[in-house]
There are 2 protein chains.
Amino acid sequence: MRHFIEELEQLKAKLLEQSSLVESQIYRSITAVVQKDEALAHEVLRSEARINQMEIEIDDFAVSLLALQQPMAADLRFIIASIKINNDLERMGDLAVSIAQRAISLLSEPIVKPMIDIPHISALVQSMVRKSLDSFVTRDADLARSVLSSDDAVDSLRNASFHELISFMEQDPKNIRQSVDLLAVVRNLERIADHATNIAEDVLFLAKGIDVRHHAEAR
Amino acid sequence: MRHFIEELEQLKAKLLEQSSLVESQIYRSITAVVQKDEALAHEVLRSEARINQMEIEIDDFAVSLLALQQPMAADLRFIIASIKINNDLERMGDLAVSIAQRAISLLSEPIVKPMIDIPHISALVQSMVRKSLDSFVTRDADLARSVLSSDDAVDSLRNASFHELISFMEQDPKNIRQSVDLLAVVRNLERIADHATNIAEDVLFLAKGIDVRHHAEAR
């Protein structure tokens, strides 16, 4: 039993390691966009393989715990939540790669507009990612709920950027390619926020302690 | 034991019901875009709640099977794959809703260009969705692999549409709003294809029959 508790801690540690990697990917991809830093964008592309590898490792580890330990109740929910969070983290990593690809495409475009909104949305999204993972580690339902409530702020920042970028395109066709890339960056940030929201929902599912027996009987 | 086999069949049946709902949402959302059918777009928005409800139901059912039946090996993998596929189906449903929202936004735009590419990409993506689910039901690894190989075709159709839509915007600023919506529709279709690819990968994981014990020992 002590061995099993250690394995659950190991699972949590692996998820935290993965989340650090993913947070750093998001940070670097956005910095590459804002500072037009090509080397940084390529670092993001190179780090993708490691995240994909970690995803498989965490998944296999979680499934092996289910198979070998036959956990009940809270431990079972913890492992299921870990499998879901692992999946969300890997997708966030993919989105950081998409942002880095846009950063590279934006290198060939002149800087015609200070990118005020992107650092702003990005700071909010990064704080959601951090809080969602913190709420998982500390099983803090209030913190998880605060992530859910940030989602509206992301939506309104996203809408404001969309309107701004569309007017920018309408002003001059030379702005179009650049704006299409920036629209994609904003959309990718929004999707990262969606994944942080999913993680927060998983934390609430963990905290709530659904009685699976009740569900089975209710069928 | 016979009871448990019936429950696994029930889980599969629920997933198939969910996948029919989701496929119909994708079909209706694209038809709403192409035929400028507002009523159909609103039907898609109204059906979202049912898909979200089904997702929770399937998730609870799968977790209860894990808790109550303590399945081993192949059955465990089947239930884990079901939890993942359930998640992908719900996200595809969300993407159909996003497409329906674009359909509504496109209503106010004049039809200035026949939308040749969208039905084409959409047909390919819908066939990937269908094949990924069929490969799950029949546990057909070859069919699952054929889904993975379609992904490149989606990418090249997506790139062609992007170039076309960008030139279309550059021709006349009046085309911009419409093209931004169409870009988003194409991107949503591409993401639906990504989820079909995830499902196909889960089917390969099921078919492969990873020895979880081996992984546990290898740590």
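Mentor: We begin with the word helix: helices (H or I, at least four residues) and strands (E, at least two) are DSSP runs, numbered from the N terminus.

Mentor: Residues are numbered from 1 along each chain as its sequence is written, while chains are lettered from A and ligands numbered from 1 in the order in which they are written.

Trainee: What is the secondary structure of chain A?
Mentor: Chain A has seven helices and zero strands, which gives the pattern α-α-α-α-α-α-α along the sequence. Its C-alpha atoms fill a box of roughly 65 × 35 × 30 Å along the principal axes.

Trainee: How do you know the span that is expected of helix 4 of chain B?
Mentor: The expected span is 1.5 Å times one less than the number of residues in the helix. Helix 4 of chain B (residues 117-138) has 22 residues, and its 32 Å from first to last C-alpha is close to the expected 32 Å.

Trainee: Why is A:Leu65 called buried?
Mentor: The test counts other C-beta atoms, placed from the backbone, within 10 Å of the residue's own: 20 or more is buried, 12 or fewer is exposed, and anything in between is partly exposed. A:Leu65 has 23 such neighbours and therefore counts as buried. The residue belongs to helix 2 (residues 38-69) of chain A.

Trainee: What makes B:Asp142 exposed?
Mentor: B:Asp142 has 8 other C-beta atoms within 10 Å, so it is exposed. It is placed in helix 5 of chain B, and its C-alpha is 30 Å from that of B:Gln70, 72 residues apart along the chain.

Trainee: Why is A:Lys36 called partly exposed?
Mentor: A:Lys36 counts 16 C-beta neighbours inside 10 Å, so it falls in the partly exposed class. It lies in the loop between helix 1 (2-34) and helix 2 of chain A, and its phi, near 50°, is positive although the residue is not glycine. A:Arg139, with 13 other C-beta atoms within 10 Å, is likewise partly exposed. That residue sits in the loop between helix 4 and helix 5 of chain A, also with phi near 50°.

Trainee: Which residues does A:Leu65 contact beyond its sequence neighbours?
Mentor: Two residues are in contact if their C-beta atoms, placed from the backbone, lie within 7 Å. Outside the four places on either side in sequence, A:Leu65 contacts A:Glu7, A:Leu11, A:Pro71 and A:Ile79.

Trainee: What makes a set of residues a nonpolar core, and which residues have the most contacts in the largest one?
Mentor: A nonpolar core is a set of buried Ala, Val, Leu, Ile, Met, Phe, Trp, Tyr and Cys residues joined through C-beta atoms within 7 Å. The largest has 112 residues, and A:Ile192 and B:Ile192 have the most contacts inside it. Beyond its neighbours in sequence, A:Ile192 touches A:Ile26, A:Met92, A:Leu95, A:Val125 and A:Val129.

Trainee: How do you know how the two copies are related?
Mentor: Copies are superposed by least squares on the C-alpha atoms of residues with pLDDT of at least 70 in both. Chain B is laid on chain A with an RMSD of 0.0 Å by a turn of 180° and a shift of 0.0 Å along the axis. The copies are therefore related as by a two-fold rotation axis.

Trainee: How many residues of each class does chain B bring to the contact with chain A?
Mentor: The contact takes 27 residues from chain B and 26 residues from chain A. On the chain B side, 19 are nonpolar, four polar and four charged; Ala, Val, Leu, Ile, Met, Phe, Trp, Tyr, Cys and Pro count as nonpolar, Asp, Glu, Lys and Arg as charged, and the others, Gly among them, as polar.

Trainee: Where in chain A is pLDDT below 50?
Mentor: pLDDT is the predictor's confidence in each residue, from 0 to 100. Chain A has a mean of 89, with 92% of its residues at 70 or more, yet residues 210-219 of chain A fall below 50. Where pLDDT is low, the predicted coordinates should not be read in detail.

How values were computed
Predicted model: local features only at pLDDT ≥ 70, side-chain atom pairs only at ≥ 80, totals over all residues.
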